[in-house]
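Good morning, and thank you for coming. I would like to take you through one structure this morning, and I ask you to keep it in view as I speak.

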Amino acid sequence: MKKLGLIINPIAGMGGSVGLKGTDGVLDKALELGAVPRAPLRAKKALEELLDIKNQIEILTCSGDMGEREAMEMGFNIRLVYNQSTNSTSSEDTLAAAKAMLLENVDLILFAGGDGTARDIYKAVGDKAVVIGIPAGVKIHSPVYAQTPSKAGQLTRLYLMEKITKVEEVEVLDIDEEAYRAGKVNTSLYGYLKIPFEKKFVQNRKAGTPMSQQASQNSIALDIIDNMEEGTYYIIGPGTTTRPIMENLKLPYTLLGVDVVLNKEIYALDVTEKQLIDIAVYNKCKLVITPIGGQGYLFGRGNQQLSYNVLKAIGKENIIVAATKEKISELKGNPFLVDTGDEETDKMLSGYIKVTTGYKEKMIYKVKA
Amino acid sequence: MKRINRNFKVRNFHQAKWDEPIIFELSKKGERGILVPKAGEEIEKAVGDGISALPETMKRKEAPNLPEISQPRVLRHYMRLSQETLGADVNIEIGQGTCTVKYSPKVNEALARLPEMTELHPLQDESTVQGILEIMYKTDLYMREISGMDRFTFQPSGGSQAIFAMASIVRNYHRDKGQDEQRDEIITTIYSHPSDAAAPAVKGYKIIYIHPDEEGYPDFEAFKEAVSERTAAFIVANPEDTGVYNPRVKEFTELVHKAGGLCGYDQANANGLLGITRAKEAGFDMCFFNLHKTFSTPHGCGGPAVGATGVTKELEKYLPAPLIDYDGEKYFLNYEVTNNPYSIGKIRMFNGVAPVVLKAYAWIMSMGAEGLYEVAKVAVLNNNYLFKKLMEVDCVDAPYIRGKQRVEQVRYTLEKLTQDTGITTGDIQRRMMDFGMHYWTSHHPYYVPEPATLEPTETPSKEDLDEYIETLKHVFKEAYESPEIIKTAPHRSVCHQVDESGMDDPEKWAITWRSYLKKYKE
């Protein structure tokens, strides 16, 4: 019997239906404007894909509209692992429910919500559970969400039936809703969640299989390592693209922070802006950075330590941008973006930049402020 | 299966499916295809037993490990496999964009199968192979005329090997000039064939890719950033996979020359260019043609082909040895031109795949100069007919150069279809198999989202094009109305959905029977 965790954030997406660009902090207003829950319906769509294997799964879920109601209506075997504290669901409920499921060793957590929900799930389980998101929120920036609720259900089914065994790490992104309502998009990277890696079914193939994301990242790392110069400080930016550099060098690292390497040894972990300025002003250094999120931000999102003062001290010629070709293709030809808060620095970074895309392989790519 | 409705252009089709084992599994000890009788006494007396004349060193100590199997069973085996293949002669071959799969006249096959060709051996004395040497020499002359280059070699046995030959020439040219250490970068574009990057990488070069600008032309500003004293060469296709021709290509080659680099033109597929543009006038130092694409030889299932590689006079001495020449009386293998330490030596044994050169020669001769020009015109016309018809379909689009025509192929996008229905281009690809048609997406990664690359060439008729278009439209309609049938496709092909995860993992590969036994049976 497979154990499936199910969390529905019933208020996800309600703000959007009444033009509020998100529900964080404005639920009451949304309700006042006549918003109706849509996450439960979308969760049902996903669960429909599991109906014919319902005897092979036990759904571990939360009381009421956080999962119990929908799963029970559809006739699944359910067990409650979390009781909502009050009638109105909050982010604490998602967090606590996910933690409870982790303790139960569920095979997978299927959750319905938006970017805010994904953040809560990440906070609760980190890299300890495999998850799939049912897109139900207003903001869906995290690739942790399947394209459609049905797809989320299909993917869940393939994973539970062990038709998919591999997992991949994807970014947990969220934008600042208050800023978004004011017309600004500030995406931040919060961490990485594990999702099932969907195998592709093919027919009529005439081109080779592309290298896996992991293999591509590894070849980028080897290129950077092979070109490391003695006495130069290598400032390694956050993200899974830069991680294999540290892994290949067998060094500790912080996935979301900035680390510094000198002569292939760790010099400092999770450094602050001030530490970086001290290093960059007095030493020869190179910065390895990868664009964050789907929008292609190089600077100004999710890496606040790399301020314009740091970048000025490092200089454009010492910035190594690392990105797989797949990551670049996701930008659909749109340029990398920089928004350092300083016009002069943005101007310095604009134009074209060489991107390391593999071993002995670079791409010239446009950067726009 | 229902009777065919002749008014409905979408054709009924079902591929044969045989539960056919691997030929090694069919082997039965002692079973034979042909039993050769022992020579009779008188015959043996006259000519020997046929075995003892063989030198001892050439005799096998043990029988080869081949399947033991009767003739009809062998025939049945391969007939069945052929029925499980969607070959070029049974489908309207429009869907394999970038491959240039055209109809290749059978008369050229017949010529290549004549014993005068098949019985030749590359080690024969020159005086006994004057015919094929003449054909190779004259094909070289035609290639020179078509490209503007000064000398061709037919040694490379395919496009990637031709690019490898070009990269080798680049290396030796700079070595000759004492600049090899300094020049370690080769520039290409993202919509050129991946081998334009891969083959130079094998040669040890660093690769720099250029993206297109908003119009789809290689971004000249980015190109300027890429060209430097480190540039060894620029190797590029034009038109690229998008079917967009870069009209400023000469400015690109001039910039590279100014920086001291060489320029190589990937003309593997020159179908839209014959008699219209030439490598020389675009400023290239080298180019190559895949004879199995443009020159109709035809494709050999990854088998022996020819990547005819041409260079300017200046680069002639770097070509692989020997070249084929004519001294006014006889044709001969010329080792003199390349007799220097900077020749790239051998790219392949002997002088290339001679029957393929023969087929290309025959095709060129049958077309004539006007015919070659006609090929380009009709290929471009066919493509733009298909382009116009497909762009009228709501869910189809093609990025770049809006309102302008394409050359010989187009990379379309089905992004809207995917957004509307969740059906991806990969799903459409599988469903098209149910109608006996190929449909190709794109090389990876997909820079054009949900891509489809179609290339009709000059050979399909308007009726063929219409049938392909109608079939595509039918599948698009299914995507909106009954997506499930597409998601689970193919239904009428040899096999249904293939799990390709093993293809990413070399540990799981078994590319020979022996490695299969080793990995899975021992």
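Asn105(A) is found in the loop between helix H5 (91–103) and strand S4 (108–113) of chain A. Helices (H or I, at least four residues) and strands (E, at least two) are DSSP runs, numbered from the N terminus. This is a predicted model, in which local features need pLDDT of at least 70, side-chain atom pairs count only at pLDDT 80 or more, and totals for chains, interfaces and linings use all residues. Residues are numbered from 1 along each chain as its sequence is written, while chains are lettered from A and ligands numbered from 1 in the order in which they are written.

Is Asn105(A) buried or exposed? Asn105(A) is exposed, as 11 other C-beta atoms lie within 10 Å. The terms are these: a residue is buried if 20 or more other C-beta atoms lie within 10 Å of its own, exposed if 12 or fewer, and partly exposed in between, with the C-beta atoms placed from the backbone.

Please now turn to chain B. Thr100(B) also has a positive phi, of about 50°, although it is not a glycine. Thr100(B) sits in the loop between helix H3 (71–83) and helix H4 (106–112) of chain B. Thr100(B), however, is buried, with 27 other C-beta atoms within 10 Å.

Two peptide bonds of chain B also deserve attention. The bond from His444(B) to Pro445(B) is cis, with omega near -10°, and Pro445(B) lies in the loop between H13 and strand S11 (451–454) of chain B. The bond from Ala489(B) to Pro490(B) is likewise cis, with omega near 0°. Pro490(B) belongs to the loop between helix H15 (483–487) and S12 of chain B.

Let us return to chain A as a whole. Chain A holds 14 helices and 17 strands, and buried residues make up 49% of its 369 residues. By an automatic or database domain assignment, chain A is divided into domain 1 (2–196) and domain 2 (211–368). The C-alpha centres of these two domains of chain A lie 32 Å apart. Among contacts in chain A between residues at least 6 apart in sequence, 65% join residues at least 24 apart; a contact requires two C-beta atoms, placed from the backbone, within 7 Å.

How many residues does the largest nonpolar core have? It has 197 residues, and those with the most contacts inside it are Ile109(A) and Val131(A). A nonpolar core is a set of buried Ala, Val, Leu, Ile, Met, Phe, Trp, Tyr and Cys residues joined through C-beta atoms within 7 Å. Helix H11 (residues 354–391) of chain B gives the most to this core, with 14 residues. Domain 1 (2–196) and domain 2 (211–368) of chain A both give residues to this core, so the core lies between them. Not counting residues up to four places away in sequence, Ile109(A) touches several residues, including Gly5(A), Ile7(A), Met101(A) and Val131(A). A second, separate core of 29 residues includes Ile92(B), Ala398(B), Ile423(B) and Ala489(B).

Next, consider one strand in detail. Five of the five residues of strand S12 (residues 285–289) of chain A are buried, so this strand is largely enclosed by the rest of the structure. Cys285(A), Leu287(A) and Ile289(A) cover one side, and Lys286(A) and Val288(A) the other; all are buried. Strand S9 (residues 233–236) of chain A runs parallel to S12(A), joined by four bridges; two strands pair if DSSP finds at least two bridges between them. In S12(A), Cys285(A) is the bridge partner of Tyr233(A). S12(A) is also joined by three bridges to strand S14 (residues 319–322) of chain A, again in parallel, and there Leu287(A) stands opposite Ile319(A).

Finally, I come to the interface. In chain B, 35 residues are in contact with 25 residues of chain A. The largest share of the side of chain B that touches chain A, five residues, comes from S3(B). The residues of that side divide into 17 nonpolar, eleven polar and seven charged. Here Ala, Val, Leu, Ile, Met, Phe, Trp, Tyr, Cys and Pro count as nonpolar, Asp, Glu, Lys and Arg as charged, and the others, Gly among them, as polar. Strand S17 (residues 361–368) of chain A and S3(B) pair in the parallel sense over four bridges. The bridge partner of Lys362(A) in S3(B) is Ile208(B).
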